[in-house]
Amino acid sequence: MDSEASAAMKDLIRLLDYRMKASDSSVEQEDLGSTELNQAFSAFSALALASNSVLQRVRREIDTAIAAVREQANARLPIRRLPMELFTSILQMASERSNSSDKKGDILANLMLVCRMWNRVVLDSPTLWAEWNDSDGPQFVKRSLAQSRSLGLTISCRIGVNERVRYQELGQCMLRWQDVRLYLGWLGDKLFAKLQKLGRDTAPKLKKLSICSDSDHNPLDIFDPNNPCPLEKLRIDRTPIVWGTINFERLRYLYISGVEPNPPSETELLQILERSQRLEYLCVKDMSLSEELTELPMPIQPVCLPRLSYCEIACWGTANTLIRMIRFPSCKEIAVDWVDISGPDTVSSLAHIVHAIENTIKVTDTTFFIGDNAFTVETGGSGELGFGTLGELEAAASWFIWTAHAALNASPSVNVVLESNFSYDWTMQTIVELGNLKSIKTLRFNGGRPSDNHCNPLSCLDNLGDQIQHTFPLLSTLECCINTMPELESLRRVVLRRHQAIASQEQDSISPLQEVIIKHDHEWGLRGHCDDHLDQIQVLIVEGNLQIQFKLWREEIVDSSEA
């Protein structure tokens, strides 16, 4: 006990001793002088103050001891054994926004409230502060610039005349821009002039740039053709820029969409791609390429992009020169729409596309559509190759089947869809060529009623006779259009011959049909007078899975029912 408490206790004892010695019962409490009362009150007050001081000190000591015990216990937690770089990465993921309206400052504040260690790590990690967007207020932006120190910044915001303050904030940190996504409104002359400098000396750290515009303005001249551009990722969406001969020697990602007016020409794109040997992602879509410029020479040799893994070209009209002049031996996903295959050099100029998509066909399910004036190859939902033609579609489709025959045979599953009817000779030839493939599991004949010089593919299957026992060995689904009694009889014979081959065990490798789908229009009633044929077909299918659908040709199915 300290000296103050001891002195107060002594005064109290002396006062009590004095009162006990006053043994005369006639002495009333009021007879005691005010001095004695004051002494008592003073003694008790001093004792209370001394006791409070002692309690506060004891509480501090207890709190300190508890904090030390907690610190020792926390030090044994598994999270404390993580390397600081890994723990910072975890906090980086925890601080990511779930949507663009989340405020980065609020997220970081919540992390800092977890414990003192998290608070210290958040404050000492510049990477957590090096990102902001439109939802963050000016106070956070100011703190972000300070806490992120000299790191490159990730910024996503909208700028325009009404966002002048926001542009001033951007301008103050332009030297630190690293990953910038800009949404351009209407630009005044001053903002337009400043924006011209984005890809030049004012942003030396800039690696990723995305510009999207929702208003018309003059083309942005933001790249210096005389110096290599440091960009690794460029996304231009509905924003005209001055193309020229830009040197993107470090570019890995290029996305150009909806650039109207002032889109690039095929020659300009090829000139850019020729210098972008590191390119891994290429997408050019939703626009018409501009007229060729005579002052830019077309590359003599095809442009090879050895690292390209994704290629999407979907321009209005065609992009014949562009796709014919690009080579991508390592490409895994291809989406091309449309390429004219009517020219005499189809085999030599487009074989590389087929060879590139073969890598995907071999490992994923493939669907082969053949329509009136085009055919499309879809692979595993990730690749699509569309060929348009001005004529000779049958020859072009045969060329593709012949070129990609080995890859189609190695595919896990191939679905063939004939959306139209074709000549008998070509249909028979195609069925014979495809029939040798072990990978075809679905045949869909959706051409409807055959017109003059065209045939129902089902008749070709029927005319194979006993050969049908050796054709399409893994076929599980057959879909066809039937609008006459002879067509229904053809289907019955095809199903019966296949069933007989399996029943006689002559062909162990032939799989039974799992599903047969019959489509017919309203002009011919299938039920009633055709029940016998339908019953025979249904018995020969696994679990009797025969479906009958009503269809208006060239339109959607309006009603369906199961047999």
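A cavity is a set of grid points where a 1.4 Å probe fits but cannot get out. Keep that in mind while touring this model, which is predicted.

**Stop 1: the cavities**

Select Leu 461, Ile 468, Thr 471, Phe 472, Leu 475, Leu 478, Val 494, Arg 498 and Leu 513, which line the largest cavity. The space inside the largest cavity is about 60 Å³. Its lining consists of seven nonpolar residues, one polar residue and one charged residue. How many cavities of 30 Å³ or more does a search of the whole structure find? The search finds three.

**Stop 2: the largest pocket**

Next, select Ala 67, Arg 70, Glu 71, Asn 74, Leu 77, Ile 79, Arg 80, Cys 115, Arg 116, Met 117, Trp 118 and Arg 120, the lining of the largest pocket. Two elements, α2 and α5 (116-123), each give two or more residues to this lining. Six of the lining residues are nonpolar, five are charged and one is polar. The volume of the largest pocket is about 230 Å³.

**Stop 3: a patch on the surface**

Stay with helix α2, which covers residues 34-75 and contains Ile 62. Select Val 58, Ile 62 and Ile 66: these residues form a nonpolar surface patch, and together they have about 220 Å² of accessible area. Ile 62 counts as partly exposed because its relative accessibility is 44%, and that class lies between under 20% (buried) and over 50% (exposed).

**Stop 4: salt bridges**

The count of salt bridges comes to twelve. Start with Arg 181 and Asp 179, whose closest N and O atoms are 3.5 Å apart.

Now select Glu 280 and Arg 252, a salt bridge with an N to O distance of 3.3 Å. This pair links distant parts of the chain, 28 residues apart: Glu 280 is in the loop between α9 (266-274) and β7 (281-285), and Arg 252 is in the loop between β5 (233-237) and β6 (253-257). Glu 280 is partly exposed at 32% relative accessible area, and Arg 252 is partly exposed at 29%.

Move to Glu 479 and Lys 519, whose side chains meet in a salt bridge at 2.6 Å, N to O.

Finish by selecting Asp 462, Glu 489, Arg 492, Arg 493 and Arg 497, which a network of salt bridges links.

Key: Residues are numbered from 1 along each chain as its sequence is written. This is a predicted model: local features need pLDDT of at least 70, side-chain atom pairs count only at pLDDT 80 or more; totals for chains, interfaces and linings use all residues. Side-chain values use heavy atoms; hydrogens and water are left out. Patches are made of residues with over 30% relative accessible area and no salt bridge: like charges are joined within 9 Å, nonpolar side chains (Val, Leu, Ile, Met, Phe, Trp, Tyr) within 5 Å. Accessible areas come from the Shrake-Rupley method with a 1.4 Å probe; for residues, only the protein chains shown count as cover. A salt bridge is a side-chain nitrogen of Lys or Arg within 4 Å of a carboxyl oxygen of Asp or Glu. Helices (H or I, at least four residues) and strands (E, at least two) are DSSP runs, numbered from the N terminus. Buried means under 20% relative accessible area, exposed over 50%, partly exposed in between (1.4 Å probe, protein chains only). On a 1 Å grid over the protein atoms alone, a cavity is a set of points where a 1.4 Å probe fits but cannot get out, and a pocket is an open set with protein on both sides within 12 Å along at least five of seven lines; lining residues have an atom within 4 Å of a point. Grid points are joined across faces, edges and corners, and a volume is the space filled by probe spheres set on the points. Ala, Val, Leu, Ile, Met, Phe, Trp, Tyr, Cys and Pro count as nonpolar, Asp, Glu, Lys and Arg as charged, and the others, Gly among them, as polar.
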